[in-house]
Amino acid sequence: MRTLWLFDIEPHEQRYTSEWKAYLSKQLRSAMRGTKSTKWRLRTVSGNKTSGKTSNGAFINFAETNLYKADQVRKFTKFLLNGEVKGGDRLLFTDAWHPGIIQCRYMADLYRVRYDIHSIWHAGSYDKNDLLGQHPLTPRWAMPFERAVFRACSRNYFATEYHRDLCIKRLSVRRSISHRVVGWPMEYLRGALGIHDNPTKSKTILFPHRLSKEKQPEFVKRLQTHLPEYTIVVAQRKKLSKWDYRQLVGECAAVLSFSKQETLGIGVYEAMLCGAVPIVPEWLSYKELYPSHCYPAEWINSPKNFKKHAADLAVHIRSSIAAHQQNPIILKDWTKAVGKQHFNGSALYAELLR
């Protein structure tokens with residue numbers, strides 16, 4: 001029997017990683033039960049418990065993530081030395097930005113244990129608007145590291161074509177069989193969000209993003225002056241539990257983004273599952289997922305342009321909400337289609353368990 005070694009991500013309440021901790025292993029085991037040609041078993045390699053608190057404006061804790069990843073490598077190394085890791089096994093790193101990928105490839109090559117390494121890419125310095133990419137010096141060392149990680153893996157997984165193309169172009173790696181666009185294993189979201197859908201929407205628009213430079217939260221205040229009949233709620237300025245946040249999502253008429261960095265857009269999809277209209281710029285992954293629900297990206301590509309077009313965006317928001325109220329089935333059908341293609345793990349499981 002072959003083993004799939006799952007290197008999970010440390011859970012954070014404000015991120016989907018807390019749900020991956022709860023659901024991903026269950027979904028993988030379900031997929032394994034449906035595999036006829038090959039018998040698999042799953043073993044999860046977790047790090048030690050962390051505080052669960054993220055660094056300011058970030059999606060991880062910059063120090064604790066290293067402790068967690070180091071624990072994972074230490075534990076896996078012991079499994080390897082004890083003879084529990086076999087040829088034909090596979091390793092799935094649920095975050096490709098993991099030094100352990102290099103360390104595990106080092107051990108595989110020198111011990112001649114033929115296991116494959118698969119990884120899921122979220123972001124990196126190859127994106128100039130990512131936290132790493134914004135630093136003036138970081139890409140000099142980070143991009144060579146990312147290129148080494150990409151080449152160390154047998155399979156590199158991306159949720160969208162936009163993200164795949166950005167990564168391979170900036171890292172100058174060849175298009176090859178080593179990468180796949182598979183969506184994200186988040187089929188649990190429909191059930192988790194459905195119970196929060198409130199058919200009676202309030203005059204509320206949700207800004208679900210982090211308070212970081214690439215999300216441009218400073219635009220909210222100016223837009224609010226053009227939408228006096230609505231309240232734009234910046235979720236990260238409220239101390240909400242996951243449950244409270246989703247209760248808020250269920251009441252909102254629309255979900256708003258000014259993002260200059262987005263490789264998938266989970267917050268927008270979560271709100272759509274609760275019946276909120278997406279208000280997103282026509283670029284990044286948004287253009288791929290929501291082509292009929294976008295506003296011109298030039299409206300938010302600079303503070304000057306946003307000041308010029310804030311009133312236009314307000315008109316777009318009003319008309320989008322009104323159109324949804326007249327024909328809500330269109331948004332429901334589109335949400336279902338996006339979920340099937342981009343928030344479903346079927347393609348990932350097929351690759352892992354082939």
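Analyst: Start with a contact between a backbone and a side chain. The backbone oxygen of Glu262 lies 3.1 Å from a polar atom in the side chain of Ser285. A polar contact is a pair of N or O atoms within 3.5 Å; within protein, one must be able to donate a hydrogen and the other to accept it, and residues adjacent in sequence count only if both atoms are side-chain atoms. This is a predicted model, where local features need pLDDT of at least 70, side-chain atom pairs count only at pLDDT 80 or more, and totals for chains, interfaces and linings use all residues. Residues are numbered from 1 along each chain as its sequence is written, and side-chain values use heavy atoms, with hydrogens and water left out.

Ser285 is in helix 11, residues 284-289. Helices (H or I, at least four residues) and strands (E, at least two) are DSSP runs, numbered from the N terminus. Ser285 has 0% relative accessibility, so it counts as buried. Buried means under 20% relative accessible area, exposed over 50%, and partly exposed in between (1.4 Å probe, protein chains only). What does Ser285 touch? Leaving out residues up to four places away in sequence, Ser285 touches Thr160, Tyr162, Glu262, Thr263, Leu264 and Gly265. Contact means heavy atoms within 4.5 Å.

Glu262 leads on to a lysine. The side chains of Glu262 and Lys215 are joined by a polar contact of 3.0 Å. Lys215 sits in the loop between strand 7 (204-207) and helix 8. At 3% relative accessibility, Lys215 is buried. Apart from neighbours within four places in sequence, Lys215 is in contact with Phe207, His209, Arg210, Phe258, Ser259, Gln261 and Glu262.

Now the rings. Rings of Phe, Tyr and Trp (its six-membered ring) pair if their centres lie within 6.5 Å; planes under 30 degrees apart count as stacked, over 60 as edge-to-face and the rest as tilted. The count comes to 20 aromatic pairs. In one of them, Phe219 and Phe306 are stacked, 4.2 Å centre to centre with 5 degrees between the planes. Phe219 lies in helix 8 (residues 219-226) and Phe306 in helix 12 (residues 303-326), so this pair ties together parts 87 residues apart in sequence. Phe219 is buried at 4% relative accessibility, and Phe306 is buried at 2%.

Elsewhere, Trp5, Phe7, Phe76, Phe79, Phe93 and Tyr115 form one aromatic cluster. The charged end of Arg43 sits over the ring of Phe79, 4.6 Å from its centre. A charge sits over a ring if NZ of Lys or CZ of Arg is within 6 Å of the ring centre and within 35 degrees of the ring normal.

Next, the cysteines. How many disulfides does a search of the whole structure find? It finds 0, a disulfide being a pair of cysteine sulfur atoms within 2.5 Å. Cys104 is in no disulfide, and the nearest cysteine sulfur, that of Cys153, is 10.0 Å away. Cys104 is buried, with a relative accessible area of 0%. The sulfur of Cys252 is 9.1 Å from the closest cysteine sulfur, in Cys274, which is too far for a bond. Cys252 is buried too, at 1% relative accessibility.
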